[in-house]
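Here are my notes for you to read alongside the model. Keep the viewer open and find each residue as you go.

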Amino acid sequence: MNPAVRVNIKSKQKGGFLTMKKRLLSMLLGTVLTAGAVLGMGTGAAAAENEIYMFISSPEYADAINELIEAYKEVAPDVTINYETTQNDYPTLLKAKLNSGEVPDIFSSTSGKEIDVYREWSYDLADQPLAETMLPSVASAMKSTEEGGGVYGLAIKGNYFGIVYNKAIFEECGITEFPQTAEELTAACEKIAEAGYKPFTTGFSEWWVFKHVFQHFMDAAAANAGIDVADLVTSFEKGEAKIADYPELYDNFFNFIDQAVKYGDDKPLETALENELAAFGSGEAAMVLGQGAWIEADALAIDPELQIGFNGYPVTDKAEQCQVISGSDQALHVYNESEALQATLDFVNWWYTSDYGISWFTDVAGVVPPVTTTTESTFEVIKQGSALEAEKGAAPLEICYSTDSWHQVFGELMQSYITGTADKDATCAAIEEQWAAIDGAQ
């Protein structure tokens, strides 16, 4: 590991401004955010066999993973776990490490399509104890589409994707039910703005926010065309599909982005996760875009009385298409030629099978558990997401059909659209071209 600046997170304090300041410092410095927990020391070959290098995305889970590592200290005091996390440019940084031979013992990718992208470096976990506790729906997202069998990843979490909102602001504005159609959403934004609140906080400085939003419109486009969303993605990868042919994308998605800018942050392209948390937690903004259960603890640390609501994106004039999305969108890979392979396998198996490891998902990380458990989450986003899924069903996890290399470029193209550097038609043309060039070549 050789980041320019290290930010060491040792505190077990969860959420709040302490966590936010650390993440903000990392973003301002433009560096990798690093959390490290040293579990024993060693030298020479013994040190290599017992030293795990964990390089993953999702810095929002830094505190929770740091606690996980600290707990493992009681189980394996002779093991050293060096944990490094970043969000921006993660795909680029990871590929640089792989190309240089500095392969992390544990690294992350999206699930689905990227399982095959990184399969040659990934250990098959199908025969490991963790495979027995992994939910079948999670395991299916970790399998190669090119080879039968095999489980090449594990997940930090399942997920629900949708809009997190402030129930109290909605009630104050006379909005008794969350809007279910695009027209209802526009009306709600007008009421919220008239009451002196900011309808949206967007996080548009981060490329991954756009993929979380766009997938809701992709699901609606596929459903209205009568095709599977995976097939629609494939059509774009082959250069056969055009955004203009799908009003859910050409009209509704871009209208939504325009609306989010109009009713959102003063400087949307300077707004990241920390800014969203501050605006939402303080009661300044009514809705948060691109986020999920992972923000709940930090938002409640700002205001413990915050009334958190959760619902799908109103994407069309069909209320039934305002659905949450459910699934496991990220995979952690174990490097198959790691010098610390056994130590790494022991760690991930303990994570997925021990009492502490299983309870960690709900009690510490506050995520949808990717393992079989009877523990009920106390997080509102998870409880409401589960209820909505039972009531209306969940839309497919579209983002897993594309690579993060593509998602990052897509986010950057949308940022150019917001700045006015490119108009809608030019942006659509660039999206189509890059989609085929990046993922069509996979």
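**Notes on the fold**

1. Let's start with Arg-119, which sits in the loop between helix H5 (113-117) and helix H6 (130-133). Helices here are DSSP runs of H or I with at least four residues, strands are E runs of at least two, and both are numbered from the N terminus. Arg-119 has 18% relative accessibility and so counts as buried; the cut-offs are under 20% relative accessible area for buried, over 50% for exposed, and partly exposed in between (1.4 Å probe, protein chains only). The side chain of Arg-119 makes a polar contact with the side chain of Ser-144, at 3.3 Å. A polar contact is a pair of N or O atoms within 3.5 Å; within protein, one must be able to donate a hydrogen and the other to accept it, and residues adjacent in sequence count only if both atoms are side-chain atoms.

2. A word on what you're looking at. This is a predicted model, where local features need pLDDT of at least 70 and side-chain atom pairs count only at pLDDT 80 or more, while totals for chains, interfaces and linings use all residues. Residues are numbered from 1 along each chain as its sequence is written, and side-chain values use heavy atoms, with hydrogens and water left out.

3. Now the inside. The largest nonpolar core has 126 residues, and Met-287, Phe-347, Trp-351 and Trp-360 have the most contacts inside it. Such a core is a set of buried Ala, Val, Leu, Ile, Met, Phe, Trp, Tyr and Cys residues joined through side-chain atoms within 4.5 Å. Helix H10 (residues 207-225) gives the most to this core, with eleven residues. Apart from that core lies another one of eleven residues, including Tyr-53 and Trp-121.

4. Zoom in on Trp-360. Leaving out residues up to four places away in sequence, Trp-360 touches Ala-64, Ile-65, Leu-68, Ile-156, Trp-351, Ala-365 and Gly-366. Contact means heavy atoms within 4.5 Å.

5. Which residues of H9 are buried? They are Leu-185, Ala-188, Cys-189 and Ile-192. These four cover an arc of only 105° around the axis, so they are on the same side of H9; the arc is that of the directions from the helix axis to the C-beta atoms. On the other side of H9, Glu-183 and Glu-194 are exposed. Covering the buried residues are, among others, helix H8 (167-172) and strand S7 (198-201). After H9 comes Gly-196, with a positive phi near 95°.

6. On to charges: the structure holds ten salt bridges, each a side-chain nitrogen of Lys or Arg within 4 Å of a carboxyl oxygen of Asp or Glu. Asp-265 and Lys-198 form one of them (3.4 Å, N to O). Asp-265 lies in the loop between H12 and helix H13 (273-281) and Lys-198 in strand S7, so the pair ties together parts 67 residues apart in sequence. Both Asp-265 and Lys-198 are buried. Lys-198, Asp-265 and Glu-284 are linked in a network of salt bridges.

7. Compare two more pairs. Asp-404 forms a salt bridge with Lys-211, with the closest N and O atoms 2.8 Å apart. Asp-404 lies in helix H18 (residues 404-419) and Lys-211 in helix H10, so this pair ties together parts 193 residues apart in sequence. Glu-380 pairs with Lys-383 at 3.2 Å, and both lie in helix H17 (residues 380-392), three residues apart, about one turn of the helix.
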